[in-house]
Amino acid sequence: MKFLEGIVDFLQKNVKTIFSYPGEQILPLYNEIENSSIKNIMAKDERGSGFMADGYARITNYIGVCLVTAGPGSTNLTTPIANAYKDNSSVLAITGRCERKYIGKNYFQEINMDFLNFYKGYFINNDDINSIVSAFRDCLYNKKPVQINIPSDVYKDKVDENDLYNNNIYYNNDNENGNGIIDIDKINSELSNAKKPLFLIGQGIYGNLSYNEMLKISKILEKLDCPISTTFPSRGVIDENLNNCVGLVGRRGDIKSLLEADKIINFGSSLSYNTYVESVREKLLKKTVNINLKPKSIKELKEFFKDLSIDNKNWFYNKENKFSPNGDYSTKINEIIESIPEDSIIVTDAGKHTVFTCLLKKCVVPRNIISSHSFGSMGFGLPASIGVKFGCIDFNIDRDIILISGDGGFLMNIEELQVVSEHNLKILMIVMKNNKLAEFCKIKNPNFNKLAEAFEIDNCYIEKADEISSTIKEFLKKDKPLLMVIETEDEKLPNPNI
């Protein structure tokens with residue numbers, strides 16, 4: 001069997017969808033995938049393929065795969081892969097390369113591609129299929145982007161079929177990805193000495209659970225007699241309507257609970273500056289106990305929390321005052337949130353709309369809001385929402401997908417509207433049109449509605465907040481995409497916690 005057939009056979013066993021853009025150095029693999037059982041979604045720009053893979057990975061809690069060619073194809077992936085690295089997203093980037101004999105000799109499109117190895121990369125120099133398996137494992141279990149760089153002549157090499165069929169991306173060793181090394185007695189000791197403990201839940205708590213398993217975590221956490229806070233990426237892991245849920249903490253969330261707690265038990269947060277902000281960071285780090293929790297099943301997670309000694313530790317009920325809309329922009333964002341199902345998956349781009357959505361939305365399910373949390377990538381929203389939609393289709397996740405974007409960010413990857421149209425993806429795409437890039441400058445926008453028409457996508461233009469609800473109601477009844485352009489006045493953001 002040729003290496004080409006071997007890698008596609010492996011991909012078919014482990015991947016349902018790939019996001020790609022064709023090119024000379026990946027043409028054999030691209031064509032082989034086209035003739036396989038894998039859904040090959042052709043983006044309109046390599047950046048789009050990377051962001052789609054990222055969105056797919058986040059909603060499925062699995063691997064999102066993108067495939068691009070050498071040179072400019074790969075350089076276009078730089079921002080999406082950096083974005084995945086900062087936000088701990090399992091994106092696998094398969095990239096092309098010229099034949100091995102031309103590497104380093106200024107060949108057409110030849111360039112060292114280590115720039116994509118933000119976390120790790122594999123250069124395939126021979127027919128060893130184990131490298132592909134290792135790359136999948138690293139990507140899935142470490143929640144980081146991994147590059148597989150394949151020279152075009154490797155596809156013709158022979159591969160040992162026994163190697164192919166004896167490999168599986170899943171680990172069998174409990175110590176590789178389980179809780180066996182966690183000292184529950186030590187954690188209970190920390191809790192017994194604390195009068196005001198606070199649980200901080202990060203997205204690491206999701207481990208390798210399926211989305212349907214992630215939904216069950218809230219039922220486990222609500223039984224804990226202790227206040228629970230979350231980072232932005234993990235919002236919704238516990239229903240924010242529950243009494244013991246403090247909600248989001250950090251730069252755009254509650255600070256009071258972090259300061260009042262005498263012990264913070266951190267489950268799966270990287271403790272970024274968005275969570276532990278500059279002014280109080282060192283103080284918070286001194287009273288934080290970090291738990292490396294990577295559950296493989298909901299049963300494992302349930303048993304872990306059952307063994308914790310936390311009786312009568314629920315000391316904090318007074319949540320900070322919730323932000324209320326007080327301008328045209330925030331009022332319209334609030335109207336959107338009030339009009340969509342509360343368990344919708346909201347994908348945001350980078351901009352004011354993200355902040356207002358964060359402040360106004362009460363999260364009730366995991367991944368209620370998906371954003372470029374740590375990198376703030378403009379252009380993320382549209383392609384990521386496409387990836388989220390395909391993830392929902394592949395893994396039977398019954399959720400409405402709502403994209404909220406600013407006008408500047410939407411323009412950055414607007415070509416991906418063709419993917420929405422081509423596959424008739426039911427996504428509500430909302431453009432908040434205030435003709436500004438935050439506080440930086442004014443911009444002149446095209447007619448977004450005419451652009452939507454060019455892509456054969458239904459669209460509407462809204463000026464008043466009271467027009468939003470009825471329009472969304474009609475969208476929810478249908479099974480096709482809608483672009484909603486909302487004209488809005490600019491509004492200053494509230495000051496963040498620093």
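Phe199 is buried, and so is Phe267, where buried means under 20% relative accessible area, exposed over 50% and partly exposed in between (1.4 Å probe, protein chains only). The model is a predicted one, so to speak of local features takes a pLDDT of at least 70 and side-chain atom pairs count only at pLDDT 80 or more, while totals for chains, interfaces and linings use all residues. Residues are numbered from 1 along each chain as its sequence is written, and side-chain values use heavy atoms, with hydrogens and water left out.

A search of the whole structure turns up 15 aromatic pairs. Rings of Phe, Tyr and Trp (its six-membered ring) pair if their centres lie within 6.5 Å; planes under 30 degrees apart are stacked, over 60 edge-to-face, and the rest tilted. Elsewhere, Phe19, Tyr56, Tyr62, Phe390 and Phe395 come together as one aromatic cluster.

The charged end of Lys144 sits over the ring of Tyr85, 4.2 Å from its centre, and that of Arg281 sits over the ring of Tyr273, 4.0 Å from its centre. The cut-offs here are NZ of Lys or CZ of Arg within 6 Å of the ring centre and within 35 degrees of the ring normal.
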